[in-house]
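This report describes selected contacts in the structure shown below.

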Amino acid sequence: MNAAKRRAIFERLKAANPAPTTELEYDTPFQLLIAVLLSAQATDKSVNIATRKFFPQYGTPEKLLALGEEGLAEYIKTIGLYRTKAKNAIATCKLLLERHGGQVPQTREALEALPGVGRKTANVVLNTAFGQLTMAVDTHIFRVSNRTGIAPGKNVLEVENKLVKFVPAEYMKDAHHWLILLGRYICVARKPKCPQCGISDLCEYKAKTPAQ
């Protein structure tokens with residue numbers, strides 16, 4: 001895919017959704033970090049249902065740490081892998097207080113040193129909470145990047161590096177939100193909704209779903 005076509009794709013995505021953001025609900029960088037940590041292999045909707053119950057009362061590192069692993073587990077047991085996530089979240093609170101004065105660090109290295117925080121989670125927090133030009137590649141973005149031809153790659157890191165290289169600079173801040181929403185609602189895994197897609201004529205996917 002050439003640069004002009006990529007630019008046209010992001011122009012359209014921006015025109016359709018000028019201010020995209022995460023569907024996770026949060027008020028602070030800390031709450032976003034915890035929400036993203038909980039969202040691995042879970043839907044944003046299921047995470048929001050859980051965090052609405054404990055963020056109002058336990059929405060800081062100090063208060064969540066005081067709640068403890070078992071207490072948090074009770075709130076998030078509707079989410080997959082909840083015991084591991086509860087353990088990681090509480091350990092993360094402890095390290096934030098010990099190493100960072102209770103603040104969420106603004107570097108990928110410091111974030112990835114927190115329990116349960118991988119590269120994707122770190123990139124989401126850096127981008128969404130702090131406005132850094134990072135690209136968090138999940139299964140949706142990986143699929144969209146390969147299927148459309150925007151940034152094909154054999155693995156998540158390859159796709160991330162290509163997106164960072166190829167997405168025009170003025171669209172980088174919001175690009176991961178546009179791509180994730182496209183993958184979540186239009187360019188879905190089994191039968192992409194090509195007739196409803198605003199970039200279908202620019203997409204290089206050969207086996208497009210025909211209009212009914």
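A salt bridge is counted where a side-chain nitrogen of Lys or Arg lies within 4 Å of a carboxyl oxygen of Asp or Glu. By this criterion, Glu-23, Asp-44 and Arg-184 are linked in a network of salt bridges.

The structure is a predicted model, in which local features need pLDDT of at least 70 and side-chain atom pairs count only at pLDDT 80 or more, while totals for chains, interfaces and linings use all residues. Residues are numbered from 1 along each chain as its sequence is written, and side-chain values use heavy atoms, with hydrogens and water left out.

## Salt bridges

Side chains of opposite charge can pair when their charged atoms come close. In the whole structure, 12 salt bridges are found.

| Pair | N to O distance |
|---|---|
| Glu-204 and Lys-5 | 3.2 Å |
| Arg-7 and Glu-170 | 2.3 Å |
| Glu-23 and Arg-184 | 2.5 Å |

The salt bridge between Glu-204 and Lys-5 links distant parts of the chain, 199 residues apart: Lys-5 belongs to helix H1 (residues 3-16), and Glu-204 to the segment after helix H10 (172-185). Helices are DSSP runs (H or I) of at least four residues, numbered from the N terminus. Residues are classed as buried under 20% relative accessible area, exposed over 50% and partly exposed in between, with a 1.4 Å probe and protein chains only. Glu-204 is partly exposed at 33%, and Lys-5 is partly exposed at 25%.

Arg-7 pairs with Glu-170 through a salt bridge. Arg-7 lies in helix H1 and Glu-170 in the loop between helix H9 (156-166) and H10, so this pair also joins distant parts of the chain, 163 residues apart. Arg-7 has a relative accessibility of 33% and counts as partly exposed; Glu-170, at 48%, is likewise partly exposed.

Glu-23 and Arg-184 form a salt bridge. Their positions are 161 residues apart, with Glu-23 in the loop between H1 and H2 and Arg-184 in helix H10. Glu-23 is partly exposed at 32%, and Arg-184 is partly exposed at 22%.

## Packing of helix H2

Helix H2 (residues 29-38) and helix H5 (residues 82-100) have axes that come within 10 Å and cross at roughly 155°. H2 is therefore roughly antiparallel to H5, a term for angles over 145 degrees. Here axes are lines fitted to C-alpha atoms over the stretch in contact, and angles run from 0 to 180 degrees between N-to-C directions.

Contact means heavy atoms within 4.5 Å. On the H2 side, Phe-30, Leu-33, Ile-34, Leu-37 and Leu-38 meet Lys-85, Asn-88, Ala-89, Thr-92, Cys-93 and Leu-96 of H5.

How much of H2 is buried? Because 9 of its 10 residues are buried, H2 is largely enclosed by the rest of the structure. The buried residues include Gln-31, Leu-32, Ala-35 and Val-36. Their cover includes helix H3 (44-58), helix H4 (61-76), H5, helix H6 (108-112) and helix H7 (119-128).

## Ser-39

Ser-39 is located in the loop between H2 and H3. At 13% relative accessibility, Ser-39 counts as buried. Leaving aside residues up to four places away in sequence, Ser-39 touches Leu-24, Asp-44, Val-47 and Lys-85. Of these, Asp-44 belongs to the salt-bridge network with Glu-23 and Arg-184, and Lys-85 is among the H5 residues that meet H2.

How values were computed
Helices (H or I, at least four residues) and strands (E, at least two) are DSSP runs, numbered from the N terminus. Angles under 35 degrees count as roughly parallel, over 145 as roughly antiparallel, 65 to 115 as roughly perpendicular and the rest as oblique.
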